[in-house]
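Here's a quick briefing to read alongside the model. Have the sequence and the 3D view open as you go.

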Amino acid sequence: MKKILLILLAILIILAAVLLVRTYTYPFKKNAAGAGDGWKPLKNDSAVMRFSGGIKIPTVSTGSLGEFNYTPFAQFKEYLKSSYPLVFQNTENVEVNTYGLVFRLKGSNPALEPIVFLSHMDVVPPGDADVKSKEENIFRPDDQPAAPVTKVAEDWDYAPFSGVVANGRIYGRGAIDMKGMLFSLMESMNNLIKNKQVPSRDIYLAFGFDEEVGGQKGAMQIADYFKKKGLKFDAVYDEGGLIMQKGNVAGIDSDVAVVGCAEKGFLSAKIKVKGLGGHSSMPPMESAIGKAAVIMQRLEDDQMKPTISPLIKEFFDNIGGAMPFTSRLAIANQWLLKPLLLSQLTKNNTTNALVRTTTALTMMKGSDGTNVLSPEVEFVVNFRLLPGNTVKDVRAHIAQATKGFDVEVEEIDNTREASAISPTNTKAFKIIEKGIREIHPGAIVTPYLTMAGTDAGKYEIVSKNVYRFMPIKINRFEQQSIHSTNEYVSIENYLKMIHYFEYVMKNYDKK
């Protein structure tokens, strides 16, 4: 027995040594983070006020597949024309499906594949319409009159479409998502034209108008327009990643710039469960709502299996070197510790979404009376598909969860597969890294999986290099304001965003 114990002890010592050696020799990426704050913004009141004016136009997209009021979109288009005459006069610009806008700034070498920057002019509704009055530290250039009292929706410091500039911030629906990016792109291209800087390759801007409701009439038709023209892009740049301020990524004591190299797919299913209806005084042994509850419990208890995809492996390889020892140990020794690593990742909402197709029960409807049994109960379940899982896989998963029950399953909204994964060993990705170093030299830069849907996936028909990144550094509160209340972007972030895009446009082909 003693001999067996000694053998086991020796095995444990060897195993521990192997784990330690692999941890300390694992090729975590050495991020070439620099010091300092990077490029310092210069005061630019005119750029800020042009952006502020754009927020004031309520380009809200609601409803199904873009059936909404287009009057503000026509106003927004005219506002861009009056705000950026140099861009309209010095580019080839076309309208796609009336409201989609495309700009082409010609480069010096037509043999090079162009690059395209995306944005969208539509925003989600602002929420609560009840208003109150407020006037506080409202910015105005010296030549502007005193600001009037501003009507404010509840939970907003300033009215959602006021475009108020105050406290070093620009407030309003769309400040981050995503008029800030749209106006910074217009400013960047305007600066290139004004300074007579001709890029090596053609630069396109493409602005959709219904991204928030699926992009079927905007981005999808713009991408198809490009394809019909025979265009292939060396890079497509859209929203989808951000610079997470130090402290926002657990265990990492630095800013982290996450660049979306793929995005999750989408499937929402309305499941109608049949049962016996009637009066609640004489209920059946199993009601429709009880059956629905069983199915919902199955969906939550038996979710699709987690896995560490190649993209998420690269993500951990990039940030792992800055993580605590226990995390580095698990990442470096997945040959043994992958089950433990996955177990820990799936316990957190954010990291769980990185490693599996998520399941979210979002809506439910039964009877309208407290004493009425509905013969049919319906609920909606939303899946966000991990690259590697398919729509077919999710349909089979739903079929298994509803097995044994009388149900109807209807897919609603816009079912789509997860996107392809764009490579990181490209000029297109490396210029993102350089641009981030220009404005935030201390940030760790890493590829990432974008959770939400964007217009970017629709452009896979014209490029293999599709990246999702908006160069603003935000904290957790600011991130939560997207699609919520009190959305704003700091003036510093906005001016740095202009500089970032101008840097990428000017330096894309520089060695």
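This is a predicted model: local features need pLDDT of at least 70, side-chain atom pairs count only at pLDDT 80 or more; totals for chains, interfaces and linings use all residues.

Residues are numbered from 1 along each chain as its sequence is written, and side-chain values use heavy atoms, with hydrogens and water left out. Helices (H or I, at least four residues) and strands (E, at least two) are DSSP runs, numbered from the N terminus.

**Helix packing**

- Helix α2 (residues 45–55) packs against helix α15 (residues 491–507) at an angle of about 100°, and their axes are 11 Å apart. Those axes are lines fitted to C-alpha atoms over the stretch in contact, with angles running from 0 to 180 degrees between N-to-C directions.
- That angle makes α2 roughly perpendicular to α15 (under 35 degrees is roughly parallel, over 145 roughly antiparallel, 65 to 115 roughly perpendicular, and the rest oblique).
- On the α2 side, the contact (heavy atoms within 4.5 Å) is made by Ala 47, Val 48 and Phe 51, and α15 brings in Ile 491, Tyr 494, Leu 495 and Ile 498.
- By class, the contact of α2 with α15 has seven nonpolar residues, no polar and no charged ones (Ala, Val, Leu, Ile, Met, Phe, Trp, Tyr, Cys and Pro count as nonpolar, Asp, Glu, Lys and Arg as charged, and the others, Gly among them, as polar).

- As background, most residues other than glycine have a negative phi, and most peptide bonds are trans.
- The peptide bond from Asp 177 to Met 178 is cis, with omega near -15°. Met 178 sits in the loop between β7 (169–171) and α5 (179–194).
- Thr 98 isn't a glycine, yet has a positive phi of about 75°. You'll find Thr 98 in the loop between β1 (92–96) and β2 (100–105), and it is partly exposed at 41% relative accessible area (buried is under 20%, exposed over 50%, partly exposed in between, with a 1.4 Å probe and protein chains only).
- Asp 413 isn't a glycine either, and has a positive phi of about 65°. Asp 413 belongs to strand β17 (residues 407–416) and counts as exposed at 60% relative accessibility.

**Around Ser 268**

- Ser 268 is in strand β12 (residues 265–274) and is buried, with a relative accessible area of 4%.
- Not counting residues up to four places away in sequence, Ser 268 touches Val 380, Val 381, Asn 382, Glu 410, Glu 411, Ile 412 and Asp 413.
- The Ser 268 side chain makes a polar contact with the side chain of Asn 382 (2.9 Å). A polar contact is a pair of N or O atoms within 3.5 Å; within protein, one must be able to donate a hydrogen and the other to accept it, and residues adjacent in sequence count only if both atoms are side-chain atoms.
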